[in-house]
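The following exercises are to be worked through with the sequence and the model at hand. Each task is followed by a solution in steps.

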Amino acid sequence: MLFLKFGANESLDKIRNVKRNTYGVDEIVYSFNSDGFRSDEFSNEHPIKILYVGCSFTEGVGLPIEHIWAKFLNDMISKEIGVSLPFFNLSVNGASSELLTRLIFTHVNKG
């Protein structure tokens, strides 16, 4: 097992020298669909549908929509197949797996 030990000043210097990406006040816009999700409007019109589900990490709390991993992946898949895919995101901040299961069941059964 390998342990690295730093003195207090060394640790603080490492933390201070880390480059962080931060967003300005106007860079994060939270917009929600009519069902209250940070997602495109849910519809059954498009032949290809991908549903992203998760907690705040997938919802993108604290991030512009284009920096959410699920949106990034959705855009990459769209580019790869040459078709613009809708972004369907059922994620909820702090959601349990039980809540997410109920959300999936409810929204998929709606059509």
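**Exercise 1. Salt bridges**

How many salt bridges does a search of the whole structure find? Locate each one and describe its setting.

Solution. The model is a predicted one. A search of the whole structure finds two salt bridges.

Step 1. Asp 75 pairs with Lys 71, and their closest N and O atoms are 3.0 Å apart. A salt bridge requires a side-chain nitrogen of Lys or Arg within 4 Å of a carboxyl oxygen of Asp or Glu, so the contact qualifies. Both residues belong to helix H3, four residues apart, which is about one turn of the helix. Asp 75 has a relative accessibility of 34% and therefore counts as partly exposed.

Step 2. Glu 98 forms a salt bridge with Arg 102, with 3.2 Å between the closest N and O atoms. Because Glu 98 and Arg 102 are four residues apart in helix H4 (residues 97-110), about one helical turn separates them. Arg 102 is partly exposed, at a relative accessible area of 45%.

**Exercise 2. Aromatic pairs**

Determine how many aromatic pairs the structure holds, and characterise the pair of Tyr 52 and Trp 69.

Solution. 

Step 1. Four aromatic pairs are found in a search of the whole structure.

Step 2. In the pair of Tyr 52 and Trp 69, the ring centres are 6.0 Å apart and the planes make an angle of 85°, an edge-to-face arrangement.

Step 3. This pair links distant parts of the chain: Tyr 52 lies in strand S1 and Trp 69 in helix H3 (residues 69-81), 17 residues apart.

Step 4. Tyr 52 has a relative accessible area of 5% and is buried, whereas Trp 69, at 37%, is partly exposed.

**Exercise 3. The surroundings of Asn 89**

Is Asn 89 buried or exposed, and which residues does Asn 89 touch?

Solution. 

Step 1. Asn 89 is placed in strand S2 (residues 88-89).

Step 2. With a relative accessibility of 1%, Asn 89 counts as buried, since the limit is under 20%.

Step 3. Leaving aside residues up to four places away in sequence, Asn 89 touches Phe 37, Arg 38, Ser 39, Phe 42, Tyr 52, Thr 58 and Glu 59.

Step 4. The C-alpha atoms of Asn 89 and Val 53 are 6.0 Å apart in space, although 36 residues separate the two in sequence.

**Exercise 4. Nonpolar core and nonpolar surface**

Identify the residues of the largest nonpolar core and those of a nonpolar patch on the surface.

Solution. 

Step 1. The largest nonpolar core consists of five residues, namely Phe 37, Leu 90, Ala 95, Leu 100 and Leu 103.

Step 2. Leu 103 touches Phe 37, Leu 90 and Val 92, when residues up to four places away in sequence are not counted.

Step 3. On the surface, Tyr 30, Phe 32 and Val 61 form a nonpolar patch that has about 290 Å² of accessible area together. Phe 32 sits in the loop between helix H1 (8-16) and strand S1 (51-52) and is partly exposed, with a relative accessible area of 45%.

**Exercise 5. The chain as a whole**

In what order do the elements of the chain run from the N terminus on?

Solution. 

Step 1. The chain comprises four helices and two strands, in the order α-β-α-α-β-α.

Step 2. Of the 111 residues in the chain, 24% are buried.

Conventions. Residues numbered from 1 in each chain as written. Predicted model: local features only at pLDDT ≥ 70, side-chain atom pairs only at ≥ 80, totals over all residues. Heavy atoms only, no water. Patch = residues over 30% accessible without salt bridge, like charges linked within 9 Å, V, L, I, M, F, W, Y side chains within 5 Å. Areas by Shrake-Rupley, 256 points an atom, 1.4 Å probe, with all protein chains shown as cover. Buried < 20%, exposed > 50% of the residue type's maximum accessible area, 1.4 Å probe, protein only. Core = buried A, V, L, I, M, F, W, Y, C linked by side-chain atoms within 4.5 Å. Contact = heavy atoms within 4.5 Å. Phe/Tyr/Trp six-rings, centres within 6.5 Å; stacked < 30°, edge-to-face > 60°.
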